[in-house]
Amino acid sequence: MKTVVLLDYGSGNIRSGERALQRVGADVTVTSSFDDALNADGLLVPGVGAFEACMTGLRAVRGDVVVDRRLAASRPVLGICVGMQILFARGIEHGVESEGCDQWPGVVERLQPLGGEPVPHMGWNTVEVPSGSVLFDGIEKERFYFVHSYGVRSWELKETRASVTPAVTWTEYGGDRFVAAVENGPLTATQFHPEKSGDAGAELLANWVRSL
């Protein structure tokens, strides 16, 4: 059984994430412990709310350092929703720019649907999955549950030193395209909530746990 730490830094759907991981057979610990987060087979970084508030909470438990050290050792990390957004270089909310973890270049900004659709983008949506995806294996055509007003609307990483080229999954809302998921070696993230996405979300988490 794979061990997974769900990082508790004051933000995120902790209990629903814990149950979802347990459902797919992971041995889950919810903790803010630096050592536990560093040494588990997998680390899940949740996130709900404002970019800056999540970064403040993450830094308070040295979560940014944990992510850095895990990735340096090729140890898997999964970010969900704002837990994905804070992996990027910066976020802009209400005119305020905040620094992220800078694992990927790029900016998290407000969605701009072209057809006047309401923001936040809330509900089920399809995804555009690149070929060879491990995360979406067997569920490429499924829908997933989104709740967000901000996203990464431009993928800026053109080259990578990793042996694996990042696989970027996209979603469209009102004609506005944004990053729905990234698979980049040990670093994986989703903008949507797999723990709220029914059987498809469970299978996605199972794919990730199997890859640990």
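Helices (H or I, at least four residues) and strands (E, at least two) are DSSP runs, numbered from the N terminus. The structure is a predicted model, in which local features need pLDDT of at least 70 and side-chain atom pairs count only at pLDDT 80 or more, while totals for chains, interfaces and linings use all residues. Residues are numbered from 1 along each chain as its sequence is written, and side-chain values use heavy atoms, with hydrogens and water left out.

Contact is taken as heavy atoms within 4.5 Å. Apart from residues up to four places away in sequence, Thr188 touches Val77, Leu78, Gly79, Leu135, Val182, Glu183 and Trp208.

The helices come next. In helix 1 (residues 14-23), the buried residues are Ile14, Ser16, Gly17, Glu18, Ala20 and Leu21. These pack against strand 1 (3-7), strand 2 (27-31), strand 3 (42-45) and helix 6 (198-211). Gly25, with a positive phi near 95°, follows helix 1.

Helix 3 (residues 51-60) buries Phe51, Cys54, Met55, Gly57 and Leu58. Viewed down the axis of helix 3, its buried residues fall within an arc of 165°, so they line one face of the helix; the arc is that of the directions from the helix axis to the C-beta atoms. An α-helix has 3.6 residues a turn, so residues three or four places apart point the same way. On the face of helix 3 turned away from the buried side are the exposed residues Ala53 and Ala60.

Strand pairing can be followed from strand 5 (88-93). Two strands pair if DSSP finds at least two bridges between them. Strand 5 runs parallel to strand 7, with three bridges joining them, and Gly91 stands opposite Val108 of strand 7. Strand 5 and strand 6 run antiparallel and are joined by four bridges; Glu93 has Val96 of strand 6 as its bridge partner. In the hairpin of strand 5 and strand 6, two residues lie between the strands, and His94 takes a positive phi near 55°. His94 is exposed, at a relative accessible area of 74%.

Two further loops have backbone features to look at. Ser74 lies in the loop between helix 4 (63-72) and strand 4 (77-80). The phi of Ser74 is near 60°, a positive value in a residue other than glycine, and Ser74 is exposed at 54% relative accessibility. Pro120 is found in the loop between strand 7 (104-110) and strand 8, and the peptide bond from Val119 to Pro120 is cis, with omega near 20°.

Aromatic rings are another theme. Rings of Phe, Tyr and Trp (its six-membered ring) pair if their centres lie within 6.5 Å; planes under 30 degrees apart count as stacked, over 60 as edge-to-face and the rest as tilted. The count by this rule is nine aromatic pairs. One of them is the edge-to-face pair of Trp124 and Tyr145, at 5.6 Å centre to centre and 70° between the planes. Trp124 lies in strand 8 (residues 121-126) and Tyr145 in strand 9 (residues 143-148), so the pair ties together parts that are 21 residues apart in sequence. Trp124 is partly exposed, with 45% relative accessible area.

Phe136 and Phe144 form an edge-to-face pair too, with 5.6 Å centre to centre and 85° between the planes. Phe136 is buried at 0% relative accessibility, and Phe144 is buried with a relative accessible area of 0%. Ring pairs link Phe136, Phe144, Phe146, Phe178 and Phe192 into a cluster. Leaving aside neighbours within four places in sequence, the contacts of Phe144 include Gly123, Trp124, Val127, Ile139 and Leu204.

In soluble globular proteins, nonpolar side chains tend to be buried together. A nonpolar core is a set of buried Ala, Val, Leu, Ile, Met, Phe, Trp, Tyr and Cys residues joined through side-chain atoms within 4.5 Å. The largest such core has 65 residues, of which Leu21, Leu43, Ile86, Trp104, Phe136, Phe144 and Trp155 touch the most other members.

Conventions:
Buried < 20%, exposed > 50% of the residue type's maximum accessible area, 1.4 Å probe, protein only.
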